[in-house]
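Hello,

Here is the structure for you to look through. My notes on the aromatic rings follow below it.

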Amino acid sequence: MVTEPALRDPSLYNVLPKEEEEPGLPIAPVLSSGLQVRKAARAKTLTAPTSGLAPSYLQANLIVLPSRYAADFRLLCARNPVPCPLIAESTAPGRYDSVKSCLAGARDVLCDKDEDGGGDCVDLRHDIPRYMVYRDSELVRAGALDIEDEWDDDDHVAFLIGCSYSFESALGLAGLAPRHTVLGRNVPMYRTRLPLCPAGVFTGSTYVVSMRPYKLRDVQRVRDITRGYSVTHGEPVAWGWEAAHSLGILDIDAPEWGEAPVTADGRPLGELQGSGDLDEVPVFWACGVTPQEAVMRANIKGTVMAHAPGHMLLLDCKDHDIVDTSFIY
């Protein structure tokens, strides 16, 4: 069993058990659509983080709950739309192969069938490169390659939450590609002291944020580009070194998830703090790991499953399906 103290160890998310090591290199160059990414994850040929894959296709966080908690989770999302923007959920308890859109106008996020003729369009038990499994609010498996054995065909309800990876292609088109995508690293993610609005059993939790460093002069442009992506966390919630302290992040070089951030020349980003060099600052977005934190703190019973931080579900809709991106081009 992986306990709460172990959960706080960032190395848990970067060092995998021997039996679940990477079977091969990620095949990003040939993955140009959401369906192709899902098929690669299902075949276990893709087990790496999904940042930068299939540019312009939306990416989603996953949380799977026993059905008795579904109503409270929907309310949690409604009360906290920035960290928990709800995109879709299972069409019925137990369904891993079909979701219904929660977007305005019920815009579809996944195709009804596999247009390539290769089986189900989606299988939520297999189509994410790596998963987390919780039992009675404790993490028991980290980096699992699938969750078929844990899935209850009669009871589990899956929810898809917007992911900030979805606006990274827009940033790249504007010449502002996030550093972790350029370097092939996982985005750093941090717990904060910013509270969530409670909902039912989900009380006492806080935001998780992802961080991408930018030059201070570029922050306004970054805000403008990401503001329209409200269903994938939208614009930053904070930026700058004082903001990091206000969020409760005491060491920028020690994220709870992902990989430690670096400067453009490869040094620890934290070396810039207090150095007088204010040119590059940390920029923070709400993060879809937030619902996993809420589950941990809720002390709910039963089996809960989620994506491993940085390993997302690729959808079939594109960014221009949900936001006007005309200002980018």
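Phe-202 is buried in this predicted model, because its relative accessibility is 2% and the cut-off for buried is under 20%. Phe-73 is buried too, at 0% relative accessibility.

These two rings belong together. The structure holds six aromatic pairs. Phe-73 and Phe-202 form an aromatic pair that is edge-to-face. Their centres are 5.9 Å apart, with 75 degrees between the planes. Phe-73 lies in helix H3 (residues 70-79). Phe-202 is in the loop between strand E7 (189-195) and strand E8 (206-215). The pair therefore ties together parts that are 129 residues apart in sequence. Phe-159 comes in as well: Phe-73, Phe-159 and Phe-202 form one aromatic cluster.

Next, Phe-167 and Tyr-229. They form an edge-to-face pair, 6.0 Å centre to centre, with 75 degrees between the planes. This pair links distant parts of the chain, 62 residues apart. Phe-167 sits in the loop between strand E6 (156-162) and helix H4 (168-173). Tyr-229 sits in the loop between helix H6 (219-227) and strand E9 (238-239).

Two arginines are worth a look. Arg-125 lies over the face of Tyr-96, at 3.5 Å from the ring centre. Arg-212 has its charged end over the ring of Trp-285, 5.0 Å from the centre of that ring.

Best wishes

Methods
Residues numbered from 1 in each chain as written. Predicted model: local features only at pLDDT ≥ 70, side-chain atom pairs only at ≥ 80, totals over all residues. Heavy atoms only, no water. Phe/Tyr/Trp six-rings, centres within 6.5 Å; stacked < 30°, edge-to-face > 60°. Helix = DSSP H or I, 4+ residues; strand = E, 2+ residues; numbered from the N terminus. Buried < 20%, exposed > 50% of the residue type's maximum accessible area, 1.4 Å probe, protein only. Lys NZ or Arg CZ within 6 Å of the ring centre and 35° of its normal.
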